[in-house]
Every structure is written in structure tokens, then in C-alpha cells.
Amino acid sequence: MSEILSQLWTPELQMAMTVFVVMLVILYVLSIVWVVRDAYLRGTMWYVWAIVALVPVVGIIAYCLLRPPLLQIDRDEQELEVALKQRQLMQYGECGNCGYPVEADYILCPNCHQRLKNQCVKCGHALDPSWTVCPYCATSLPAAPARRGARTTSHPHQQAAPQANPAGKAPLQGATRQQER
């Protein structure tokens with residue numbers, strides 16, 4: 001039997017087997033390097049995956065099955081895109097009645113026809129309901145009606161705030177004291 005083996009185990013076959021084993025070792029080392037590099041780029045614990053990859057074949061298969069689907073740079077890019085979309089959506093508001101997205105200059109909700117803003121009678125711009133003057137044409141607006149549930153703090157015996165006189169001087173204190181008596 002050893003004669004048959006010695007006849008088959010020629011120097012050419014020995015060289016071919018040596019090349020094959022060297023190629024397998026190189027492939028094994030390169031696969032460990034690939035796992036470590038890929039795990040690092042995906043933002044996982046690369047040193048743990050390096051230890052797992054030391055187990056021939058099974059370690060690489062386990063990594064391929066369990067690795068994160070996206071590279072870290074791709075995840076960061078997706079987060080930036082989401083933040084950009086959120087910032088773009090913040091330019092718009094939503095209807096307080098139905099939640100439909102509306103633009104800043106809408107006067108009515110296109111979905112439920114709820115009045116969102118007042119309109120200037122002179123220039124036609126959309127105005128916030130709390131404004132008392134149009135910032136576009138300086139037209140005075142009628143006083144906004146008090147909102148439901150708003151508490152008023154004025155009492156009938158409270159005096160109005162003193163008006164500044166044209167000379168820019170404060171009102172006389174003695175005169176207001178005499179009025180109170």
C-alpha cells in the first residue's frame with residue numbers, strides 16, 4: 001500500500017497540495033480581515049466578530065447571517081435625510097381641526113374648510129388672528145374677539161394705564177391721588 005501511495009504522492013502533487021493549503025490559509029486570513037473591517041464599517045463590536053470569525057467557516061457564516069443590514073455611513077445618511085425632511089415639514093403647519101398639513105399662508109384648510117387665519121381687507125395677505133395691525137400694509141385690524149375660556153383680569157374699579165403725555169413726561173402723582181379720594 002505504501003508503494004502505491006509513494007507512486008501517487010509525486011513532487012508535483014505535493015506542490016499542488018502545498019499551494020492549495022496556502023491558498024486556504026490566505027483565504028481564511030482574508031475572511032477574518034473582511035469580517036473585522038465590515039463589522040467596523042457597520043458600527044458593531046468588531047473585536048467580538050473577530051473572535052467569532054476565528055472559528056473556520058462557521059464564524060463567517062454566523063457573521064453573514066447576523067450582521068447589521070446597513071453600513072454606519074448609510075445609517076447616518078438616512079438619519080440626516082429624515083432630519084432634513086422633518087425640517088422641511090416644519091415649514092408647514094397642520095390644521096387644528098382635522099390635522100391636515102397646511103402651508104403658512106393658507107387662510108382656510110383645504111380639507112375641512114376651517115378658517116386658519118384672517119385676511120387683510122386692504123392688501124389680502126393672510127394674518128395671524130392675534131395681530132392688531134397688518135404687517136404688510138399697516139392697516140389697523142378690528143379687535144379680535146376674546147377666545148372662549150380666556151379669563152379677564154380687569155376689574156371695574158381698576159384705572160386704565162396712564163397715557164404718556166406729548167411732552168414725554170410722566171403724569172403727576174398728586175393729581176391721581178386726588179382722583180382716588
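**View 1. Buried residues of helix α4.** Gly-59, Ile-60 and Tyr-63 are the buried residues of α4. Seen down the helix axis, they fall within an arc of 95°, so they line one face of α4. Val-58 and Leu-65 sit on the other side of this helix, and both are exposed. The cover over the buried residues of α4 includes α2 and α3. This view, like the others here, shows a predicted model.

**View 2. The protein as a whole.** The predicted model has six helices and four strands. From the N terminus on, the elements run α-α-α-α-α-β-β-β-β-α. The protein has 181 residues, and 13% of them count as buried. Take the contacts between residues at least 6 apart in sequence: 22% of them join residues at least 24 apart.

**View 3. The largest nonpolar core.** Seven residues make up this core: Ile-32, Val-35, Ala-39, Trp-49, Ala-53, Ile-60 and Tyr-63. Helices α2, α3 (46–53) and α4 (58–66) each supply at least two of the core residues. The most come from α2, which gives three. Two of the core members, Ile-60 and Tyr-63, also belong to the buried residues of α4.

**View 4. Val-35 and its contacts.** Val-35 is found in helix α2, which spans residues 11–41. Its relative accessible area is 0%, so Val-35 counts as buried, the cut-off being under 20%. Which residues does Val-35 touch, beyond those up to four places away in sequence? They are Trp-49, Ala-53, Ile-60 and Tyr-63. Val-35 and Ile-51 are 16 residues apart in sequence, and their C-alpha atoms are 10.0 Å apart in space.

**View 5. Ala-53 and its contacts.** Ala-53 is another member of the largest nonpolar core. Neighbours within four places in sequence are left aside here. Ala-53 is then in contact with Tyr-28, Ile-32, Val-35 and Gly-59. Gly-59 is one of the buried residues of α4.

**View 6. A nonpolar patch on the surface.** Ten residues are shown together: Trp-9, Leu-13, Met-17, Phe-20, Val-21, Leu-24, Val-25, Leu-27, Val-29 and Val-33 form the patch. Together they have about 910 Å² of accessible area. Val-29, one of these residues, is found in helix α2. At a relative accessible area of 44%, Val-29 is partly exposed. Val-35, also in α2, is buried.

**View 7. Salt bridges around Asp-38.** A search of the whole structure finds two salt bridges. One joins Arg-42 to Asp-38, with the closest N and O atoms 2.8 Å apart. Both of these residues are buried. The other is between the side chains of Asp-38 and Arg-67, at 3.0 Å from N to O. Asp-38 lies in helix α2 and Arg-67 in the loop between α4 and α5 (72–90), so this pair ties together parts 29 residues apart in sequence. Through shared partners, the salt bridges join Asp-38, Arg-42 and Arg-67 into one network.

View 8. Are Asp-38 and Arg-67 buried or partly exposed? Asp-38 is buried, with a relative accessible area of 9%. Arg-67 has 30% relative accessibility and counts as partly exposed.

Technical notes. Residues numbered from 1 in each chain as written. Predicted model: local features only at pLDDT ≥ 70, side-chain atom pairs only at ≥ 80, totals over all residues. Heavy atoms only, no water. Buried < 20%, exposed > 50% of the residue type's maximum accessible area, 1.4 Å probe, protein only. Contact = heavy atoms within 4.5 Å. Core = buried A, V, L, I, M, F, W, Y, C linked by side-chain atoms within 4.5 Å. Patch = residues over 30% accessible without salt bridge, like charges linked within 9 Å, V, L, I, M, F, W, Y side chains within 5 Å. Areas by Shrake-Rupley, 256 points an atom, 1.4 Å probe, with all protein chains shown as cover. Salt bridge = Lys/Arg side-chain N within 4 Å of Asp/Glu carboxyl O. Arc of directions from axis to C-beta.
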